[in-house]
Amino acid sequence: MIQVISRTALTILTLVSLVQATAYSAESPKLKALIIDGQNNHAVWPKSTIMMKQYLEDTGLFEVDVDRTRFTWRANNQKAFLPLAGVGETEDLEQPKTDPDFEPSFEDYDVVISNFGWKAADWPEDTQEALEDYMENGGGFVSVHAADNSFPKWKEYNKMIGLGGWGGRNEKDGPYVYYTNEGELVRDTSPGGSGAHGPKGHFPITVRVADHPITEGMPEVWLTSKDECYAKLRGPAENMTILATGKDVSGKAPTDRHEPILMVVDYGDGRIFHTTLGHDTDGFEGVGFITSFTRGAEWAATGEVSQSIPNDFPTAEESSSRKFKLRK
Ligand SMILES: [Zn+2]
């Protein structure tokens, strides 16, 4: 009888704390997120910016702005624009070019998400310094897929992302970092270029740090949606933790390693979440992508994660996707 009563009391207490938690988050101000973009070699951009904006808003935790370079460039002159109010006039170019007026007010945001890509033109020097100051002083930054291809010569940016690919990066930029098939973490300083991937496919993600707020509650192994498994990334990898790795099982993998997929980096007082997932619409529709992205953005903004793992999260046997619907 005593046991029954205490269990009932516990249930009531749990209910009360749940109600309080709900009331608190409903009344607390939303986190301010800024997605920056404008030059990306991927055909899914700028749709990918709209998808990420909506994913963040769907959590109920964020309000999201977008700041875009005035000069825009994308691969293959894709014209797959979806409407997005408030980004201002843009001029579509054949080749990426620095926008001298690109100066987002980073300090107004809890987290800044980069959807730039390979070959993006350098930002004005003042804007680079502004991001460095913002991060040094406790800002949050998220690097998505090809954002780790951008700005190979910008030293501090490469410290922020930890590892990068392509753009002439080689042994001068830092080691390759990966896990072996035996589960050993390796920093490999051997010479060579950076950045590779096999064909798009479902591939297994192995969680390496299960008690980090971003990965907590994920199955130890889960399948991606059809996506690219980035490989041979290299960079300074300072103050970096690999949360999860991916193993290309296509039969055409560029390496026989478990490659870093989800990473976190400390930079000054700032926090960075880096995901290499998100090649195209299939990648952005993956529940593994969506969940790690919105949790990673919250962690970069606050150092904590309040979102739970959704019921449709992938397992080791089954991948999971959500067809994207643009909210009117
Ligand atoms: Zn890609």
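1. Asp108 sits in a loop of this predicted model, the one between β3 (91–92) and β4. Its relative accessible area is 43%, so Asp108 counts as partly exposed. Lys32 is 76 residues from Asp108 in sequence. In space, C-alpha to C-alpha, Asp108 and Lys32 are 7.7 Å apart.

2. Follow the chain on to β4. Strand β4 covers residues 111–114 and runs parallel to β5, with three bridges joining the two. Val112 faces Phe141 across this pairing. Between the two strands the chain passes through helix α3 (residues 125–136), and this β-α-β crossover is right-handed.

3. How many of the residues of β5 (residues 140–144) are buried? Five of its five are. Gly140, Val142 and Val144 point one way from the strand. Phe141 and Ser143 point the other way. Residues on both sides are buried.

4. Next, the nonpolar cores. In general, nonpolar side chains in soluble globular proteins tend to be buried together. The largest core here has 44 residues. Phe62, Ile113, Val142 and Phe289 touch the most other members. Helix α6 (residues 287–302) gives the largest share, eight residues. Apart from this core lies another, of 32 residues, including Phe106, Tyr109, Ala146 and Ala237.

5. Phe62 deserves a look of its own. Leave aside its neighbours within four places in sequence. Phe62 is then in contact with Lys30, Leu31, Ala33, Leu56, Glu57, Val111, Thr294, Ala297 and Glu298.

6. Which residues are the protein donors of the zinc ion? They are His42 (NE2), His145 (NE2), Glu228 (OE) and His279 (ND1), at 2.1 to 2.3 Å from the ion. Along the chain their spacing reads H-x102-H-x82-E-x50-H. His42 lies in the loop between β1 (31–40) and α2 (47–58), and His145 in the loop between β5 and α4 (155–161). That pair is 103 residues apart and links distant parts of the chain.

7. Why is the zinc arrangement called irregular? The four donor atoms subtend angles of 90 to 167 degrees around the ion.

8. His42 has a relative accessible area of 7%, so His42 is buried. His145, at 2%, is buried as well. The cut-off for buried is under 20%.

9. Finally, some backbone details. Most residues other than glycine have a negative phi, and most peptide bonds are trans.

10. The bond between Trp45 and Pro46 is cis, with omega about 10 degrees. Pro46 is in the loop between β1 and α2.

11. Trp166 is not a glycine, yet its phi is positive, about 65 degrees. Trp166 lies in the loop between α4 and β6 (176–179). Its relative accessibility is 22%, so Trp166 counts as partly exposed.

12. Lys232 also has a positive phi, near 55 degrees. The loop between β9 (221–223) and β10 (240–246) holds Lys232. At a relative accessible area of 29%, Lys232 is partly exposed.

Notes: Residues are numbered from 1 along each chain as its sequence is written. This is a predicted model: local features need pLDDT of at least 70, side-chain atom pairs count only at pLDDT 80 or more; totals for chains, interfaces and linings use all residues. Side-chain values use heavy atoms; hydrogens and water are left out. A nonpolar core is a set of buried Ala, Val, Leu, Ile, Met, Phe, Trp, Tyr and Cys residues joined through side-chain atoms within 4.5 Å. Buried means under 20% relative accessible area, exposed over 50%, partly exposed in between (1.4 Å probe, protein chains only). Helices (H or I, at least four residues) and strands (E, at least two) are DSSP runs, numbered from the N terminus. Contact means heavy atoms within 4.5 Å. Two strands pair if DSSP finds at least two bridges between them. A crossover is right-handed if, with the strands pointing away from the viewer, the path from the first strand over the helix to the second runs clockwise. Donors are N, O and S atoms within 2.8 Å of the metal (3.2 Å for Na, K and Ca); water is not among the atoms, so sites may look incomplete. Four donors count as tetrahedral if all angles lie between 85 and 135 degrees; four count as square planar and six as octahedral if opposite donors are over 155 degrees apart and all others between 65 and 115; anything else is irregular.
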